[in-house]
Amino acid sequence: MVHVPGGTFRMGSDRHYPEEAPSHRVSVDGFWIDETPVTNRQFAAFVEATGHRTFAEIPPDPKDYPGALPHMLRAGSLVFTSPRRVKDLRDWSQWWSFEFGANWRQPYGSKSSLRNLDDHPVVHVAYCDALAYAEWAGKSLPTEAEWEFAARGGLDDAEFAWGDEFMPEGQFMANTWHGDFPVKNSRADGWARTSPVRSFPANGFGLYDMVGNVWEWTSDFWSSRHPADAPKACCVPVNPRGGPEAASYDGAQPAIRIPRRVLKGGSHLCAPNYCRRYRPAARHAEPVDTSTSHVGFRCVVRRSEDG
């Protein structure tokens, strides 16, 4: 783990997606954070020690999904597959499919394996799986504020985790999509899907993959906007913990009250023509019961937990 000193920074952004606004000052105490996302090797050690079964490995309970078709209530997870063509970039079902048998051991579907992926970030982990790992390791999941402060690497209000230029002097700084998403990925950075941790430069705090590779769970419930900036320096929030659970429910599905948490960091699927979320300020809502082939996590230890 790497120690991140406490401080005050400007969280969020007024220059991109509406859910990142308004930019506002926030303070966090010092904490320790994993140098990289949790890898398949590390997660396998946890599973071996505890016998944990991930959410994607357990058939869904029909009571939790009223109206779901019976043949869909099987264990699995969402897997990205590049289509030949797309009609509408707003329709994500053209490239995401629920694959029976897909889970952290079989990240691309039932016929895949973890061969040569030990040092890649673990994926297909729902929120409960990330939380279980953190508790086993004697750690916690970061708040959104902690995660963003760590991702910025000491560069307050910079666009990226390394500065304001996406590819300084032509150097690839993160694993992201290069080309026309979701149809063509040139793999110019060397990777079509996840990459081994530490494949790209660390930020100013010595942390790897804070942008790109995989989205990462935080402990905060989702909110559609940030709170307003404090009017005075004395009123800057310290160690904020996000909004209430009730506000995190998806208003488009009123019959299903599943909490959503904040994801941070973007992934290898973020592209200039679709999802410019390969930035510390970027954020995304994820239902706690959802796992995918591009979401992982890392952990923190706070002073109060550091025995």
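**Reading helices, cores and a pocket**

Mentor: Let's start with helix α2: its buried residues pack against α1 (40-50), β7 (215-221) and β8. Contact here means heavy atoms within 4.5 Å. Helices (H or I, at least four residues) and strands (E, at least two) are DSSP runs, numbered from the N terminus. This is a predicted model, where local features need pLDDT of at least 70 and side-chain atom pairs count only at pLDDT 80 or more, while totals for chains, interfaces and linings use all residues. Residues are numbered from 1 along each chain as its sequence is written, and side-chain values use heavy atoms, with hydrogens and water left out.

Trainee: Which residues of α2 are buried?

Mentor: "Buried" is under 20% relative accessible area, exposed is over 50%, and partly exposed lies in between (1.4 Å probe, protein chains only). In α2 (residues 127-136), the buried ones are Y127, D129, A130, Y133 and A134. They sit on the same side of α2, because they cover an arc of only 165° around the axis. That arc is taken from the directions from the helix axis to the C-beta atoms. An α-helix has 3.6 residues a turn, so residues three or four places apart point the same way. After α2 comes G138, with a positive phi near 75°.

Trainee: And how many residues of α3 are buried?

Mentor: Helix α3 (residues 144-152) is mostly covered, with 9 of its 9 residues buried. Among them are E144, W147 and R152. Just after α3, G153 has a positive phi of about 60°.

Trainee: Which residues have the most contacts inside the largest nonpolar core?

Mentor: In soluble globular proteins, nonpolar side chains tend to be buried together. A nonpolar core is a set of buried Ala, Val, Leu, Ile, Met, Phe, Trp, Tyr and Cys residues joined through side-chain atoms within 4.5 Å. Here the largest one has 29 residues, and F43, V122, Y133, L141, W217 and F297 have the most contacts inside it. α1, α2 and β7 each supply at least two residues of this core, and α2 gives the most, with 4 residues. A second, separate core of 17 residues includes F9, V26, F31 and I33.

Trainee: What is the volume of the largest pocket?

Mentor: Rolling a probe the size of a water molecule over the atoms shows where empty space is left. On a 1 Å grid over the protein atoms alone, a pocket is an open set of points where a 1.4 Å probe fits, with protein on both sides within 12 Å along at least five of seven lines; lining residues have an atom within 4 Å of a point. Points are joined across faces, edges and corners, and the volume is the space filled by probe spheres set on them. The largest pocket comes to about 1,500 Å³. Of its 45 lining residues, L78, W92, Q253, P287 and T290 are closest to its centre. β9 gives the largest share of the lining, 5 residues.

Trainee: Where is H268, and is H268 buried or exposed?

Mentor: H268 is in the loop between β8 (260-264) and β9 (283-287), and counts as buried because its relative accessible area is 2%. A polar atom of the H268 side chain lies 2.7 Å from the backbone oxygen of N213.

Notes
Polar contact = N/O pair within 3.5 Å; in protein donor to acceptor, adjacent residues only side chain to side chain.
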